[in-house]
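Here's a quick briefing to read with the model open beside you. Follow along and find each residue as it comes up.

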Amino acid sequence: MSEQVLKACKELIEDAKMNCADLVFKEVCLEILSRARHVLTERQFKQLVAYAAERMKEKIPFELQQELMAHR
């Protein structure tokens with residue numbers, strides 16, 4: 001069950017990466033991590049933290065950033 005939760009968390013992070021501006025994306029990641037801590041094992045949580053950290057380091061293209069901001 002917790003493997004499915006881990007997969008779902010990663011999918012949520014990916015979706016947020018594609019659909020949110022950087023600042024909002026980081027806020028969403030922190031919220032996901034906060035909630036996931038209560039349902040994942042320690043190993044899975046560390047794996048999710050590493051995954052989120054890698055995604056946070058990635059920059060989305062400036063054009064996509066502008067497009068996301070225009071839709072707000």
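Predicted model: local features only at pLDDT ≥ 70, side-chain atom pairs only at ≥ 80, totals over all residues.

Residues are numbered from 1 along each chain as its sequence is written, and side-chain values use heavy atoms, with hydrogens and water left out.

**The overall layout**

- The chain has four helices and zero strands; both kinds of element are DSSP runs numbered from the N terminus, with helices (H or I) needing at least four residues and strands (E) at least two.
- Reading from the N terminus, you get the order α-α-α-α.
- Buried residues make up 32% of the chain's 72 residues; buried means under 20% relative accessible area, exposed means over 50%, and partly exposed is in between, using a 1.4 Å probe and protein chains only.
- Take the contacts in the chain with a separation of 6 or more: 73% of them come from residues 24 or more positions apart. A contact here means heavy atoms within 4.5 Å.

**How α1 meets α2**

- Helix α1 covers residues 2–19 and helix α2 covers residues 22–36; their axes come within 9 Å and cross at roughly 170°. Axes are lines fitted to C-alpha atoms, for helices over the stretch in contact, and angles run from 0 to 180 degrees between N-to-C directions.
- That crossing angle makes α1 roughly antiparallel to α2. The labels work like this: under 35 degrees is roughly parallel, over 145 is roughly antiparallel, 65 to 115 is roughly perpendicular, and the rest is oblique.
- On the α1 side, the contact is made by C9, L12, I13, A16 and K17, and on the α2 side by D22, F25, V28, C29, I32 and A36.
- By class, that gives nine nonpolar, no polar and two charged residues. Ala, Val, Leu, Ile, Met, Phe, Trp, Tyr, Cys and Pro count as nonpolar, Asp, Glu, Lys and Arg as charged, and the others, Gly among them, as polar.

**How α2 meets α3**

- The axes of α2 and α3 come within 11 Å and cross at roughly 180°, so these two helices are roughly antiparallel to each other.
- F25, K26, C29, L33 and A36 of α2 make this contact with F45, L48, V49, A52, R55 and M56 of α3.
- The residues of this contact split into nine nonpolar, no polar and two charged.

**The nonpolar core**

- In soluble globular proteins, nonpolar side chains tend to be buried together.
- The largest nonpolar core here has 15 residues, and C9, I13, F25, L33, A36, L40 and L48 touch the most other members. Such a core is a set of buried Ala, Val, Leu, Ile, Met, Phe, Trp, Tyr and Cys residues joined through side-chain atoms within 4.5 Å.
- The elements giving two or more residues to this core are α1, α2 and α3 (42–57), and α2 gives the most, with five.
- Setting aside neighbours within four places in sequence, A36 is in contact with C9, F45 and L48.
- L40 sits in the loop between α2 and α3, and at 9% relative accessibility it counts as buried.
- L40 touches S2, V5, L6, F45 and L48, not counting residues up to four places away in sequence. L40 and L6 are 34 residues apart in sequence, yet 7.0 Å apart in space, C-alpha to C-alpha.

**Cysteines, and a buried lysine**

- C9 is buried, with a relative accessible area of 8%. C20 is in no disulfide, and the nearest cysteine sulfur, that of C29, is 8.8 Å away; C20 is buried too, at 13%.
- C29 is found in helix α2 and counts as buried at 0% relative accessibility. Not counting residues up to four places away in sequence, C29 touches I13 and M56.
- K17 lies in helix α1 and, at 5% relative accessibility, counts as buried. K17 and C29 are 12 residues apart in sequence and 9.1 Å apart in space, C-alpha to C-alpha.

Notes: Disulfide = S-S within 2.5 Å.
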